[in-house]
Amino acid sequence: LLAIVDVVIGFEIVPGTGILRLIYALAVFIPSLAVLVRRLHDTGRSGHWVWIALVPLVGAILLLVYVIQDSEQAPNSYGPNPKMI
C-alpha cells in the first residue's frame, strides 16, 4: 500500500524506495529491536548478542536459536521471568 502511495504522490527517491516506506521501516525497526533485546534478556543473555546477526549466515542462525529458547525459570540479572509474574 505504501509503495503505491509513494508512486502516486511522487515520493519515490529511487525506483523501489520511497519516503513513506523508509519512515515505516524505521518506525517498525526500533520497537522490533527492543523486543529482540528483551527476548535475549529473558534467556539470560545480554542485548549485545544482537550484533551476532552481522556474521553472515551463522550469526542469524545462532541468534534465532537464542530467541526460540525457553526463558530462564529463576530471576536473572535482567529481572524476573515474565511468564512467572
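**Notes on a predicted chain**

Visitor: Is I4 buried or exposed?
Guide: I4 is exposed, at a relative accessible area of 55%. Exposed means over 50%, buried under 20%, and partly exposed in between (1.4 Å probe, protein chains only).

Visitor: Which element does I4 lie in?
Guide: I4 is part of helix 1. The model is predicted, so local features need pLDDT of at least 70, side-chain atom pairs pLDDT 80 or more, while totals for chains, interfaces and linings use all residues. Numbering starts from 1 along each chain as its sequence is written, and side-chain values use heavy atoms, without hydrogens or water.

Visitor: How many helices and strands does the protein chain have?
Guide: There are three helices and two strands in the protein chain (DSSP runs numbered from the N terminus: helices H or I, at least four residues; strands E, at least two).

Visitor: In what order do they run?
Guide: Starting at the N terminus, the order in the protein chain is α-β-β-α-α.

Visitor: Why is the chain said to be more spread out than a compact globule?
Guide: Because its radius of gyration is 18 Å, well over the 12 Å that the globule rule gives for 85 residues. The radius is over C-alpha atoms, and the rule is 2.2 Å times the number of residues to the power 0.38.

Visitor: What box do the C-alpha atoms fill?
Guide: Along the principal axes, the C-alpha atoms of the protein chain fill a box of roughly 55 × 30 × 15 Å.

Visitor: Back to burial. What share of the residues counts as buried?
Guide: In the protein chain, 16% of the 85 residues count as buried. I4, as said, is exposed.
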